[in-house]
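User: Hi, I have a structure open and would like to talk it through with you. Could you look at it with me?

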Amino acid sequence: GGLFDAQGIANVLNAFAKVGMLREDLFRLLSREAQSLPLDGFEGQHIATTLNAAVKAGWEDAALFGRMKGALMGMSPDDLSPQSVALVLNAYARAGIHDEELFTHMSRLVQAQAGG
């Protein structure tokens, strides 16, 4: 553990991915850091940004996606904005990860948000 919280990890990964400089050593370091944080330390936006940055840089890390799934599965409708839901699903799709359990949970969150 160390310097970064979930938002810090997301921001740094995203910035390096945007400039095309997310090298494997830096990604692995920040991925390990993210996986060491408590699940309740993540907000939907942090997860969406982290996963999309990883995919943009070409680092579809199964362990990272699995850890973020753990955080997402513990979330309620109030924890995830519709934008975060969309961005998270986009990241999983772009990574080629089809997780029926997670997608069903996300669908239920959206239905609850919509009052259905």
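User: Which helices do the buried residues of α6 pack against?

Analyst: They pack against α4 and α5, where contact means heavy atoms within 4.5 Å, and buried means under 20% relative accessible area, exposed over 50% and partly exposed in between, with a 1.4 Å probe and protein chains only. Helices are DSSP runs (H or I, at least four residues), numbered from the N terminus. Please keep in mind that this is a predicted model, in which local features need pLDDT of at least 70 and side-chain atom pairs count only at pLDDT 80 or more, while totals for chains, interfaces and linings use all residues. Residues are numbered from 1 along each chain as its sequence is written, and side-chain values use heavy atoms, with hydrogens and water left out.

User: Okay, and which residues of α6 are buried?

Analyst: The buried residues of α6 are Leu102, His105, Met106 and Leu109. Seen down the helix axis, they fall within an arc of 100°, so they line one face of α6; the arc is that of the directions from the axis to the C-beta atoms.

User: Why would residues spaced like that point the same way?

Analyst: An α-helix has 3.6 residues a turn, so residues three or four places apart point the same way.

User: What does the face turned away from the buried side of α6 carry?

Analyst: That face carries the exposed residues Glu100 and Arg108.

User: Which residue caps the N-terminal end of α6?

Analyst: Asp99 does, with a side-chain oxygen 3.2 Å from the backbone nitrogen of Glu101.

User: Switching topic, where is Asp61, and is it buried or exposed?

Analyst: Asp61 is found in the loop between α3 and α4, and it is buried, with a relative accessible area of 12%. Its side chain makes a polar contact with the side chain of Ser31 at 2.9 Å. A polar contact is a pair of N or O atoms within 3.5 Å; within protein, one must be able to donate a hydrogen and the other to accept it, and residues adjacent in sequence count only if both atoms are side-chain atoms.

User: And which residues of α2 are buried?

Analyst: In α2 the buried residues are Phe27, Leu30, Ser31, Glu33 and Ala34. They cover an arc of only 160° around the axis, which puts them on the same side of α2, and they pack against α1, α3 and α4.

User: Last one, what does Phe42 touch?

Analyst: Not counting residues up to four places away in sequence, Phe42 touches Ala6, Ala34, Leu37, Ile47, Met68, Ala71 and Met75.

Technical notes: Helix = DSSP H or I, 4+ residues; strand = E, 2+ residues; numbered from the N terminus.
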